[in-house]
Amino acid sequence: MTDVDALAKLRDDFRMQNKSVFILGASGETGGVLLKEILEQNLFSRVTLIGRRKLNLEGEAYQNVKQEVVDFEKLDDYTSAFQGHDVGFCCLGTTRKKAGAEGFIRVDRDYVLKSAELAKAGGCKHFNLLSSKGADKSSNFLYLQIKGEVEAKVEELNFDRYSIFRPGVLLCDRQESRPGEWFVRKFFGSLPESWASGHSVPVITVVRAMLNNTVKPSDKKMELLENKVIHELGKASDTLKP
Ligand SMILES: NC(=O)c1ccc[n+]([C@@H]2O[C@H](COP(=O)([O-])OP(=O)(O)OC[C@H]3O[C@@H](n4cnc5c(N)ncnc54)[C@H](OP(=O)(O)O)[C@@H]3O)[C@@H](O)[C@H]2O)c1
């Protein structure tokens with residue numbers, strides 16, 4: 001059996017299990033691509049988006065997508081939104097520039113951790129966290145420190161399966177203007193492919209890596225997927241039709 005056939009079989013087997021999924025951050029770049037890919041691959045029987053605003057999702061493709069609008073400052077009032085999902089993906093995040101240091105910590109650590117707690121209490125078996133290359137709770141850089149801290153705190157929740165994705169710079173055509181990111185993308189675009197791919201990754205590759213990993217049964221409780229592994233896992237389905 002080729003790798004492509006093996007992946008197709010994994011997807012078929014997974015679909016048969018009629019699992020439900022939630023996405024946190026589907027209004028963002030990665031979460032949005034993740035939602036599209038989940039629907040294209042038709043992997044789950046129920047898809048729920050949990051976010052701070054309702055998205056304008058028109059078309060037949062979205063007819064079975066449920067939206068739960070929550071106030072992240074009062075998540076305890078929204079426990080029902082987190083009930084009964086088998087798999088969860090967290091693509092939440094902000095930047096220090098957008099939200100200030102305190103706001104960044106609130107979103108990237110506190111909202112993520114509280115959501116994970118409620119998901120665990122609601123029965124979620126497999127929690128996927130989009131973190132970052134270099135995440136390290138003892139880092140001197142606030143961004144990497146908070147990413148490392150939240151990774152570790154979510155691990156303490158003891159999900160049956162917990163997958164942490166640590167991509168490098170995300171390559172995407174972001175709607176919102178972030179000149180710093182734009183420059184970094186141009187910079188990576190001008191570098192030799194092998195070097196650039198060590199430090200960056202297209203969003204679609206991250207998303208496919210997340211899903212290809214999800215459909216693959218694993219008896220590991222915790223998985224740490226670094227940028228290189230994300231490239232390998234995500235590329236595996238480049239030629240595969242949903
Ligand atoms: N950009 C990179 O190069 C890079 C590299 C490695 C890792 N990462 C990490 O990957 C994750 C996803 O990145 P991305 O670029 O896809 O994110 P993004 O496009 O900025 O989307 C972030 C998501 O978080 C939500 N969010 C932000 N602030 C919020 C708040 N105060 N309350 C509730 N929801 C809030 C957004 O909702 P709204 O749409 O309502 O704002 C959106 O759904 C982040 O954790 C980021 O740190 C990014």
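Buried, in this talk, means under 20% relative accessible area, exposed means over 50%, and partly exposed is in between, with a 1.4 Å probe and protein chains only. By that rule Phe14 is buried, and so is Phe44.

Some ground rules. This is a predicted model, where local features need pLDDT of at least 70, side-chain atom pairs count only at pLDDT 80 or more, and totals for chains, interfaces and linings use all residues. Numbering runs from 1 along each chain as its sequence is written, and side-chain values use heavy atoms, with hydrogens and water left out.

Rings next. Rings of Phe, Tyr and Trp (its six-membered ring) pair if their centres lie within 6.5 Å; planes under 30 degrees apart are stacked, over 60 edge-to-face, the rest tilted. The count comes to 6 aromatic pairs. Take Phe14 and Phe44: centres 5.3 Å apart, planes at 85°, so edge-to-face. Phe14 is in helix α1 (residues 3–16), and Phe44 is in the loop between α2 (29–41) and β2 (46–51), 30 residues apart. Helices (H or I, at least four residues) and strands (E, at least two) are DSSP runs, numbered from the N terminus.

Now Phe22 and Phe127. This pair is tilted, at 6.5 Å centre to centre and 45° between the planes. Phe22 lies in strand β1 (residues 20–24) and Phe127 in strand β5 (residues 126–130), so the pair ties together parts 105 residues apart in sequence. Phe22 has 0% relative accessibility, so it counts as buried. Phe127 is also at 0%, and so buried. Ring pairs link Phe22, Phe82, Phe127 and Phe159 into a cluster.

On to the helices. Helix α7 (residues 203–215) and helix α8 (residues 227–235) pack at about 75°, axes 7 Å apart. Axes are lines fitted to C-alpha atoms, for helices over the stretch in contact, and angles run from 0 to 180 degrees between N-to-C directions. What touches what? Thr205, Val206, Arg208, Ala209, Asn212 and Asn213 in α7 meet Ile230, His231, Leu233, Gly234 and Lys235 in α8. Contact means heavy atoms within 4.5 Å.

Last, the serine. Ser139 lies in the loop between β5 and α4 (142–155). Ser139 is buried, with a relative accessible area of 14%. Not counting residues up to four places away in sequence, Ser139 touches Leu144 and Gln145. Ser139 and Glu149 are 10 residues apart in sequence and 9.8 Å apart in space, C-alpha to C-alpha.
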